[in-house]
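The sequence and the structure are shown first, and selected features are then described in turn.

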Amino acid sequence: MSTLSRRAWLEALTSLSAMLVLEPGLEAQGRQQQPIPMRINKEMLAQALKLVGLDFTDAQQEMMLQSVNRSVVGFDALRKLNIPLDTEPAFRFIPALPGKEPKMRPAKFQPTKARAVKRPASLDDLAFATVPELAAFVKSKQVTSTELTKMYLARLKRFGPKLNCVITLTEDLALKQAAAADAEIQRGKYRGPLHGIPYGAKDLFATKGIKTTWGAEPFQDQVIDHNATAIDRLEAAGAVLCAKLSMGALAQGDLWFNGMTRNPWNLEQGSSGSSAGSASATSAGLVGFSIGTETLGSIVSPSTRCGVVGLRPTYGRVSRYGAMALSWTMDKVGPLCRGVEDCALVLNAMHGPDGKDGTVLDAPLDWLPQTPVSGLKIGYLKAEFDRMTGDRGKLYADALDAVRKAGMKLEEVALPAFDTGALRVILSAEAATAFDDITRDGRVGMLKGQQPFDWPNSFRSTRLAPAVEYIRAQRGRTLLQQEMDKFMSQWDVIVCPPQSASLTVTNMTGHPQVVVPCGFLNGKEPFGLMFTGKLYEEGTPLLAARAFEQATEWHTMHPKMDFA
């Protein structure tokens, strides 16, 4: 952190002290010693109160003037503080209610056994292989990590420009990591299923010495001097980083400083966002797997659009250290893959405390794919499916039939009635805070997206959101946590469409969700089915999702790469 001069700190602290609520005598004494500039007059105050929907008497407003002007002085002092972008607020969100934190115990993690494999005539035949399939070739030494890495690098170079899904190709690093993986494997030191597997990372994960642009014009040349924890964890597992993948500017949508990321199933369509490049590249077979982040749909939405499997883990499952902050109490790190088990393997490599992100609990991660799904208590949001009509309705009706044929018994359920729309101020206020500096200095105007629904307008507009309402929303969030805790105590898994209200609810409460392909409209519009689980129990919705995956053929379908 940059340091302020002693004088600047004293000035800031002196001004900030004016905002503190002191004993009446001391407060009066402070006012006498330091007159407050009256920059806000009574008319301005009255208009501001109308803006936030409050009505106070004339006498009350008169009394407020000194306090309001004192606050303005304090705001000036706050803005002089040099606060680095990666500085966390002095509060934490923990999704587990008090007394219901996960218990410490050994994890039960038993991936499926690798099948015997035979090297294909062309390595391009492995482009769409799942992580377990790729791992089988690498472990058996039929294919080297260097060969896989060169194959994926070639595909990134060939198809990446058309999809606009790559920001930085990390070729030198990838070849170095692949060579190291090959040398270790030759010596008999095999680290596990990610060893030697090439992957891509959403370009908000810090990579030492390599640009981390956040997809945004003001940060195009940003180089951070350390790795994100997720990057370090994957490197420790032996994975090979091939590319920093595109993302919507400052984690919104699929529009970044070089244009829109494309959906490989339909180049006329964006890939959705904000983990836009991660979904597009994984779907197109440009990487073995990828990682992204979600605050309010940024893994689920692009995974659905591009027809891949996306896992948004429990909030606090994976450290956010080194990942761009958008909303400190809502951001989550997760994988985007071509198979359900891939997600379990990648999450297993990334999860757990790192001593840097205080929201991460040491919770066991279970993965027992051989467990029968018939014993699971599964609810489905019937009302959400009933809203799907026409071809979409038939698609989802067929998907539910496949769920049942996979051995799962479904019971109709409904989410707790709760106005989550009122809680969205949490995201908008935290995002506006994260990028307050570039809002005030005007650099936010450099972003391509400047429509009413884009971040620049949201950042400016949310400057008028009262702190009282933000904290009230957080208290309302606690009530939602309590309601969801009661609801989920009755179910192991909830099934719903990605467009369901549960997407907002669970992003607020921190519950995990996994989305899998469940069909196509017109042969080029993938649809997804979502499975929600209990806090810190990702293995259960993954189990249900894998049973559905195994009972259908959607995961075997890939886009025709005939556009380059």
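## Terms and model

In what follows, Ala, Val, Leu, Ile, Met, Phe, Trp, Tyr, Cys and Pro count as nonpolar, Asp, Glu, Lys and Arg count as charged, and the others, Gly among them, count as polar. The structure is a predicted model.

## The second largest pocket

The second largest pocket holds about 970 Å³ of space. Its lining is formed by 48 residues, and those closest to the centre of the pocket are Lys202, Ala251, Ser274, Thr295 and Ser298. When the lining is sorted by class, 22 residues are nonpolar, 16 are polar and ten are charged.

Strand β8 (289-294), helix α10 (300-306) and strand β15 (525-533) each contribute at least two residues to the lining of this pocket. The largest share is that of α10, which provides four residues.

## A contact between two helices

Helix α8 (residues 229-236) packs against helix α11 (residues 340-350) at an angle of about 110°, and the two axes are 8 Å apart. Angles of 65 to 115 degrees count as roughly perpendicular, and α8 and α11 are therefore roughly perpendicular to each other.

On the α8 side, the contact is made by Ala230, Arg233 and Leu234, while α11 contributes Val346, Ala349 and Met350. By class, this contact of α8 with α11 comprises five nonpolar residues, one charged residue and no polar residues.

## A covered helix

Helix α18 spans residues 502-509 and is mostly covered, with eight of its eight residues buried. The buried residues are Ser502, Leu503, Thr504, Val505, Thr506, Asn507, Met508 and Thr509. After α18 comes Gly510, which has a positive phi near 90°.

Ser280 belongs to helix α9 (residues 276-283). Buried means under 20% relative accessible area, so Ser280, at 0% relative accessibility, counts as buried. Apart from neighbours within four places in sequence, Ser280 is in contact with Leu163, Cys165, Thr261, Arg262, Pro264, Ser271 and Cys306.

Asp391 is found in helix α13 (residues 390-405). Exposed means over 50% relative accessible area; Asp391 is exposed because its relative accessible area is 57%. Along the chain, Asp391 and Ala180 are 211 residues apart, and their C-alpha atoms are separated by 50 Å.

Methods: Residues numbered from 1 in each chain as written. Predicted model: local features only at pLDDT ≥ 70, side-chain atom pairs only at ≥ 80, totals over all residues. Heavy atoms only, no water. 1 Å grid on protein atoms, 1.4 Å probe; cavity = no way out; pocket = protein on both sides within 12 Å on 5 of 7 lines; lining within 4 Å. Points joined across faces, edges and corners; volume = space filled by probe spheres on them. Buried < 20%, exposed > 50% of the residue type's maximum accessible area, 1.4 Å probe, protein only. Axes fitted to C-alpha atoms, helices over the stretch in contact; angles between N-to-C directions. Parallel < 35°, antiparallel > 145°, perpendicular 65-115°, else oblique. Contact = heavy atoms within 4.5 Å.
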